[in-house]
Every structure is written in structure tokens, then in C-alpha cells.
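We will go from rings to charges to sulfurs.

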Amino acid sequence: GTAVGPRKKLALLMMIRKEMSHVKAWQQFLDDAPTSELAIFVHASDATVDAARDHMSMVAGRHAVTVVPRVYSKWCELSAVMTQLLVHGLSDVEATHFFFVAHDALPLVTWPRVFQELTVPQSQFCMAGFAFLDVPGRCHFASGPTWRRDLRLKHHQWISLTREHAATIVHPVVTQAVASMYFRVFGHQPLCSDEVVPLLSLRLAAASGFPSTGEVDPWNVAVPRSQWLSTTDSFAGWLATIGVRARCATYAHWTECSPSETVDPKDLARSGILFLRTANVNLGTEVQLRDQEHQRTVPVLWPNELSFLGSCWILILQYQDYKIILAPLNLIAAVLCLTWFSAGSPRSAVIGGFTAAGIGAVVACRDLVSNEAFRSDL
């Protein structure tokens with residue numbers, strides 16, 4: 001007979017305020033899910049456990065719903081909620097995968113498609129990317145070009161985890177080490193804890209050989225220098241070494257982060273997006289759940305576009321971290337960088353050279369001012 005693989009079960013970890021949006025769509029979506037494949041855990045920030053259970057039971061139909069005790073949370077402080085949901089989700093010994101769902105998430109594809117995509121051997125993270133390098137320069141969610149390279153770990157919080165990774169993230173040894181590193185390295189950076197702690201936990205654990213070593217070193221390098229300015233594909237390959245797939249399952253619309261301000265649910269579904277956050281989106285058409293094969297590559301960032309000028313700008317600005325680098329080095333870096341990126345065309349090379357000279361002049365002035373201020377501090 002046909003060999004049957006290990007049984008899989010997906011736990012939806014739903015983060016709501018009082019209620020889920022798009023109730024009818026969720027009822028249709030969950031009605032196709034076998035009870036053996038699905039577990040539902042809910043945290044409600046602005047409702048009692050009983051009220052949340054009544055609402056979610058209406059949404060989930062025949063599926064059992066577990067509403068976890070409420071923990072402190074507010075905007076940009078959701079790590080405690082995620083940990084609470086993971087701890088309770090792991091109590092279901094049959095659950096093999098865990099996926100975080102926003103209160104305003106709208107399913108774009110059918111349950112069989114979601115189950116297939118989210119029960120793969122790797123955890124899945126949608127990376128924020130660097131402004132100018134991976135996403136448009138004015139994207140507010142992306143990491144800025146002058147920030148630490150460690151912020152390349154920044155990601156959307158709507159992640160999918162294997163059971164092994166979920167257990168790693170909430171392990172006391174890991175959480176203690178991550179807390180130490182987070183407050184030392186990331187606490188003063190413009191990002192939320194839930195946008196870096198999950199992936200940072202997996203990175204530090206892997207670098208320390210946890211759990212076989214029984215300990216996690218909080219002084220490990222979060223992101224090696226070789227991966228700071230690597231290509232999207234190269235960085236995705238590096239993530240794969242710790243069992244993480246760079247992939248966006250939920251689309252969250254951020255101002256000036258997308259090539260277009262118009263959101264077409266059909267195009268999102270075709271490109272591999274499974275859920276759409278609708279808080280900042282006006283839907284002009286009715287959404288129908290789809291189960292067709294992907295027609296384009298699943299995005300690892302959203303959007304995934306490369307700006308060669310932005311890439312050079314990031315490379316140049318990294319010198320500002322050292323303050324004492326002589327200004328001519330920035331000019332040389334600018335010329336080499338832009339010439340390299342535009343080497344495919346003589347015309348582009350000329351344009352790139354003039355552009356590099358302009359950027360180099362501006363950065364040279366920045367260097368002279370910065371160096372003088374630095375000497376005054378000394």
C-alpha cells in the first residue's frame with residue numbers, strides 16, 4: 001500500500017482584541033478543516049476569557065477553542081502574548097506546527113492549501129528587509145540603512161513554527177539569554193520585541209548548540225558580518241542553516257512599503273500569500289477562497305525589489321559607525337560600488353560614476369564634520 005507519513009496538526013495562535021474580523025470568511029475557511037488537523041488557541045487583550053470563548057466558538061463551529069489567560073500587552077509589546085500562546089499550544093501533544101494569526105487577518109486560500117503550506121519541515125519567517133536594499137526606501141517597517149547589522153533579523157510577527165522551534169523559543173534557558181542580549185543590543189533600536197525575539201532565540205540557540213549543550217551564550221554574534229549586506233537569496237540560504245525558511249504567509253500593508261498602494265487579493269493568493277491583514281486596506285472586490293497552484297514565486301520579503309543605488313548607499317553609510325574613517329575611503333567606496341552595479345552597460349557606468357562622485361562628496365562632508373565632533377569628544 002501507499003506509505004503514510006507522520007500525522008501533522010496545525011495550531012492557529014490567534015491574537016485578538018475582542019473579536020475576529022471577517023467572521024463569515026473564517027467560518028467558511030474553518031468548516032473545511034478536519035478536527036484532527038486543527039487546534040485553535042486564542043488570546044484576547046480587551047475581552048474576558050468567557051466573552052472571547054463565546055465569540056470564537058461561534059467562529060470556529062465544531063472545532064474546540066482554548067482561550068488562554070490574558071497577559072499584559074500593548075502596541076509593540078506582544079512578546080508575552082506570543083509566549084503565552086506557544087506555551088499553551090505546546091500542551092497539545094499532537095500539534096506539530098504553530099502559526100500566529102492577527103485579529104484582522106482574512107483567509108485568501110482554502111484550508112487544504114494553508115495546511116499544506118504551513119506544515120513543512122521548516123519554520124517560516126517574513127523578513128522586514130533593509131530600506132532601499134530590499135524594499136522601497138520610505139518603507140517605515142523596514143530596517144534603516146544606518147542601523148546595526150543585527151537588525152537584519154527583524155521580521156513580521158505572523159510567523160510559522162515547527163514544534164521543535166516553538167519549544168526552543170519558550171525554553172527558560174533560551175529566554176534568559178535572549179533577554180540579556182535583547183536589552184543590551186536591541187533595546188534602544190526602533191523596533192518591537194516581537195519583531196526580533198523569535199528569530200533571535202533560534203539563532204542564539206543554534207549558535208550555542210542548544211539543547212545538546214544545555215546552555216545558550218548571550219554574547220554570540222546575532223548576524224555574522226558576511227550576511228549584513230548579502231543578497232536576499234544569500235541571506236535566505238543562511239537562515240536555512242538554522243531550519244528557517246524566509247517566506248511571507250501573511251501580507252500586512254504598510255504605507256510606502258509596496259510597489260503599489262492598490263491591493264488585489266487575487267494577485268496575493270497567486271503569489272503564495274495565505275492571509276491578508278485588512279486594517280489598512282480597502283478591498284474593492286469580494287474575496288473568494290482559492291486553492292490553485294502558485295503562479296509566481298512565494299515572496300521572502302514583501303515586496304522583493306533591489307535598488308542598486310540604495311545598496312551602495314547602505315554600504316557607504318556603514319563607515320559612519322566608526323567615525324574615524326577618512327573621507328576619501330567613502331568616495332572610493334561609492335565609485336567602486338556604483339561602477340560595480342552598473343557594469344552591465346557603458347552608459348550606466350558613466351551615470352553611475354557621476355552619481356558616485358556626488359554621493360562621495362556629500363558623505364565626505366559628513367565624515368569631516370563627524371570626525372571633528374569625534375575628536376572634540378575625545
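The structure, a predicted model, holds nine aromatic pairs. Select Tyr182 and Phe186. Their ring centres are 6.2 Å apart and their planes meet at 15°, so this pair is stacked. Both residues belong to helix 6, four residues apart, or about one turn of the helix. Tyr182 is buried, with a relative accessible area of 10%. Phe186 is buried too, at 0% relative accessibility.

Now select Trp26, Phe29, Phe99, Trp111, Phe115 and Phe275. Together they form one aromatic cluster.

## Charges over rings

Pick Arg152 and Phe235. The charged end of Arg152 sits over the Phe235 ring, 4.4 Å from the ring centre. Next, go to Arg184. Arg184 lies over the face of Trp219, at 3.7 Å from the ring centre.

## Disulfides

How many disulfides are there to find? The count is two.

Start with Cys76 and Cys192, joined with an S to S distance of 1.9 Å. The link is left-handed, with -105° about the S-S bond. Cys192 is buried, at 7% relative accessible area.

Move to Cys126 and Cys248. Their sulfur atoms are 2.0 Å apart in a disulfide. With 75° about the S-S bond, this link is right-handed. Cys126 is in the loop between strand 6 (123-125) and strand 7 (160-162). Cys248 is in the loop between strand 8 (244-246) and strand 9 (250-251), 122 residues apart from Cys126. Both Cys126 and Cys248 are buried.

Key
Residues are numbered from 1 along each chain as its sequence is written. This is a predicted model: local features need pLDDT of at least 70, side-chain atom pairs count only at pLDDT 80 or more; totals for chains, interfaces and linings use all residues. Side-chain values use heavy atoms; hydrogens and water are left out. A disulfide is a pair of cysteine sulfur atoms within 2.5 Å. Buried means under 20% relative accessible area, exposed over 50%, partly exposed in between (1.4 Å probe, protein chains only). Helices (H or I, at least four residues) and strands (E, at least two) are DSSP runs, numbered from the N terminus. Rings of Phe, Tyr and Trp (its six-membered ring) pair if their centres lie within 6.5 Å; planes under 30 degrees apart count as stacked, over 60 as edge-to-face and the rest as tilted. A charge sits over a ring if NZ of Lys or CZ of Arg is within 6 Å of the ring centre and within 35 degrees of the ring normal.
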